[in-house]
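Please find below a colleague's note on the model under discussion. It is arranged as numbered points for reading beside the coordinates.

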Amino acid sequence: MTIAIAYAAPSAKAPLEHTTIERRALRERDVLIEIAYAGICHSDIHTVREEWGQAAFPLVPGHEIAGVVTEVGPDVTKYAVGDRVGVGCFIDSCRKCEQCLAGLEQFCTDGGMTSTYNDKYRDGEVTQGGYSTHIVVDENYVLRIPDGLSLDVAAPLLCAGITIYSPLTHWNAGPGKKVAIVGVGGLGHLGIKIAHAKGAEVTALSQSMRKKEDSLRLGADHYYATGDPETFTKLAGTFDLIVSTVSAVVDLDAYLSLLKPDGVLANVGAPEDSSTLHLFSLVMGRKTLAGSLIGGIKETQEMLDFCAEHGFGADIEVIRADRINEAYDRVVASDVRYRFVIDIASLRD
Ligand SMILES: [Zn+2]
Ligand SMILES: [Zn+2]
């Protein structure tokens, strides 16, 4: 057993605070990871504030984890002490269903994926996330962080990166394709980088002109403000693929009108309230309205290798652990460019 120092929410309304948690003794295929950095994802905030339903406290959030292997179980074959590794949104699944066997563990149909925090393993063990000095994970749910990527900028790739990489890959963003990324935040800024690196012609769409310079620097070829109604006239029928990272209810008919025939509008943001659309928006032009959820282990590894090969991680602001609560308020206010990453060494001070 390992005692880890952690930052935990003691209850839904309370700020996160310094504490310790136990990590299980290594089983045959377990890897002990000393965490160096953990990204702050908006899901962490929704979960600890119980905006997505009841949570179990005390709760250590964090599913954008980067660190180094410090010990391995006797049957581990994929990793060795000293390896640079990551952990994302899930740390187990049934391993036997059709989805798991296809490498789509996030869609496991036999009990679902086991989330990295605020969840229970199949044996009842409570899961606690990455705002902590150590984590124990089965090697099959651990990712390798390539040498070219530093651990701080790699951390946000484990959730934000794969969330946007998967739809861009599934719907073939690449040379000759016109791709729009809606929303330039934690997900969107990586969407611009990835779609550009895949060779697509990239348009960034954000509410105002405020993020134009950043978007062009990140690799966008074009930038338009969605707050300007003329944008929707100008860009009508333009895109092969639109990936929306917006988590508020949007005018789906308006976005569908920006697609070419056979175009796809893929959503990775999920508003709480229902959305409506006129089916005419799909019928006219045989268009597809779709959604996407993170990615499986195999695709997450592919994404990390892709980002390393193209020489980029996330744009981050590194913070000490004692600034997590302040960072939460800034995330809610969209006041970060573009992801907070906790320096886990600061938990030891
Ligand atoms: Zn996340
Ligand atoms: Zn399964």
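1. Basis. The model is predicted: local features need pLDDT of at least 70, side-chain atom pairs count only at pLDDT 80 or more, and totals for chains, interfaces and linings use all residues. Residues are numbered from 1 along each chain as its sequence is written, while chains are lettered from A and ligands numbered from 1 in the order in which they are written.

2. Overall form. The protein chain contains eleven helices and 19 strands; these are DSSP runs numbered from the N terminus, with helices being H or I of at least four residues and strands E of at least two. Its radius of gyration is 20 Å, close to the 20 Å from the globule rule for 349 residues, so the chain is as compact as a globular protein of that length. That radius is taken over C-alpha atoms, and the rule is 2.2 Å times the number of residues to the power 0.38. Along the principal axes, the C-alpha atoms fill a box of roughly 60 × 40 × 40 Å.

3. Domains. The domain assignment gives domain 1 (2-159 + 295-348) and domain 2 (161-291); such bounds come from an automatic or database assignment. The centres of the two domains, taken over C-alpha atoms, are separated by 27 Å.

4. Domain contact. In domain 1, 18 residues are in contact with twelve residues of domain 2, where contact requires C-beta atoms, placed from the backbone, to lie within 7 Å. Helix H10 (residues 297-309) gives the most to the domain 1 side, with four residues. The residues of that side comprise nine nonpolar, five polar and four charged. In this division Ala, Val, Leu, Ile, Met, Phe, Trp, Tyr, Cys and Pro count as nonpolar, Asp, Glu, Lys and Arg as charged, and the others, Gly among them, as polar.

5. Six-stranded sheet. An open sheet has the strand order S14-S13-S12-S15-S16-S17, with parallel pairing; strands pair if DSSP finds at least two bridges between them. Strands S14 (222-225) and S17 (288-291) stand at the edges, each with a single partner strand, so one side of each lacks a neighbour in the sheet.

6. Strand S13 and helix H5. Four bridges join strand S13 (residues 201-206) to S14, and the two run parallel. Thr203 stands opposite His222 in S14. Helix H5 (residues 186-197) packs on the sheet, touching S12 (178-182), S13 and S15 (239-244), and its direction makes about 165° with that of S12.

7. Backbone details. Phe57 and Pro58 are joined by a cis peptide bond, with omega about -5°; Pro58 is in the loop between helix H1 (42-48) and strand S4 (65-72). The peptide bond from Arg337 to Tyr338 is also cis, with omega near -5°, and Tyr338 is in the loop between helix H11 (324-332) and strand S19 (339-343). Asn172 has a positive phi of about 60° although it is not a glycine; this residue is in the loop between helix H4 (160-170) and S12.

How values were computed
Contact = placed C-beta atoms within 7 Å. Axes fitted to C-alpha atoms, helices over the stretch in contact; angles between N-to-C directions.
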